[in-house]
Amino acid sequence: MAPGGGRQRGGAGPVRRDGLRDAPFLPPLPGGGVSAEGRARFAAEARSERPDLALLCLLLATEADPELDERAMDRAQIELDRLAGMLPYGLRGGAAWASAVTELLGGRLGFHGTPADYDRLSSSLLHEVLLRRRGLPILLSVVWLEVARRAGAPVYGLGLPGHFVVGFGDPEEGVVVDPFAGGAPLGAGPAEPAGGPRTPARTLDIVLRILNNIRAWAATRPEQSGVALWALDLSLLLPSHPASLRYERARVLVERGQFVAGAAELEAYAEVVGAVDAAAAARVRAEALSARALLN
């Protein structure tokens, strides 16, 4: 897996062509389920030279599970090491690695996904996926990636439209498996999958996509707005993120009855947007006024 991003300091950078903003190092945001220390650790790991995917997923999961302490996180890491130790030595080539990892995880151990897993927040939490051996495609892919990587396999994640899978060997080989389907092969050869070329996903892209899934899960459950808030908070701690997440966070604060805080964030977002779209900034400022009016 290609490492994602290095350390960065200073003010917010310009919005890039892909819609992401190179963000400054931000202090932990208020709200959510963990300590400021936990969020600072998440932010620091995300900005390290080689972010640890498993650690970021576990730190993310502490927001949802207050019982996931340091010992429990260590147990999850040890389980990934244990699974890697069950793979044979001396494998060569993407096809051999794909076969071995799939036979272990999808075959002997039964890791896979079902439609019902989309209804569970636990399907987006790495320690729960290791326990249940069920999860969303991207979390099952994280298990495949981390186990294979620990065993020395050439492995990478691959984000497809609406799905996430794992590749082995050189991306040009096209050895790709679907962990959600227990590791079923998606074909071999250099042909491109639907949606574009096989470009390995960076660690931080994977983490942001997991957080996007959590936000989508919470969006259909108004009673889970707190989950949406901490998923947004962590997304905003990543070195690069969609600038629109600030607007979304402001809207969630207003929905939760935090009208002053929400209005303040709307106004701050309007200042950013105003540099490129005055009409949009005016609409956002009108929303901020409406939010403050709810105090009356």
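The structure, a predicted model in which local features need pLDDT of at least 70, side-chain atom pairs count only at pLDDT 80 or more, and totals for chains, interfaces and linings use all residues, holds 2 aromatic pairs. Residues are numbered from 1 along each chain as its sequence is written, and side-chain values use heavy atoms, with hydrogens and water left out. Rings of Phe, Tyr and Trp (its six-membered ring) pair if their centres lie within 6.5 Å, and the planes count as stacked under 30 degrees apart, as edge-to-face over 60 and as tilted for the rest. One of the pairs joins Tyr247 and Tyr269 in a tilted arrangement, with 5.6 Å centre to centre and 35° between the planes. This pair links distant parts of the chain, since Tyr247 sits in helix 9 and Tyr269 in helix 10, 22 residues apart. Helices (H or I, at least four residues) and strands (E, at least two) are DSSP runs numbered from the N terminus.

Helix 9 (residues 244-255) and helix 10 (residues 259-274) have axes 7 Å apart and an angle of about 160°; axes are lines fitted to C-alpha atoms, for helices over the stretch in contact, and angles run from 0 to 180 degrees between N-to-C directions. Helix 9 and helix 10 are therefore roughly antiparallel, a label for angles over 145 degrees, with under 35 being roughly parallel, 65 to 115 roughly perpendicular and the rest oblique. Contact here means heavy atoms within 4.5 Å. Among the residues making it are Tyr247, Ala250 and Leu253 of helix 9 and Ala263, Leu266 and Tyr269 of helix 10.

Gln77, Leu80, Asp81, Leu83 and Ala84 in helix 3 meet Glu146, Val147 and Arg150 in helix 6.

Turning to the strands, an open sheet of 4 strands has the order 2-3-4-5 with antiparallel pairing, where two strands pair if DSSP finds at least two bridges between them. Strand 2 (155-160) and strand 5 (184-185) stand at the edges with a single partner strand each, so one side of each lacks a neighbour in the sheet. Strand 2 is joined to strand 3 (residues 163-168) by 6 bridges, and Val155 has Phe168 of strand 3 as its bridge partner. Helix 4 (residues 94-108) packs on the sheet, touching strand 3 and strand 4 (175-178).
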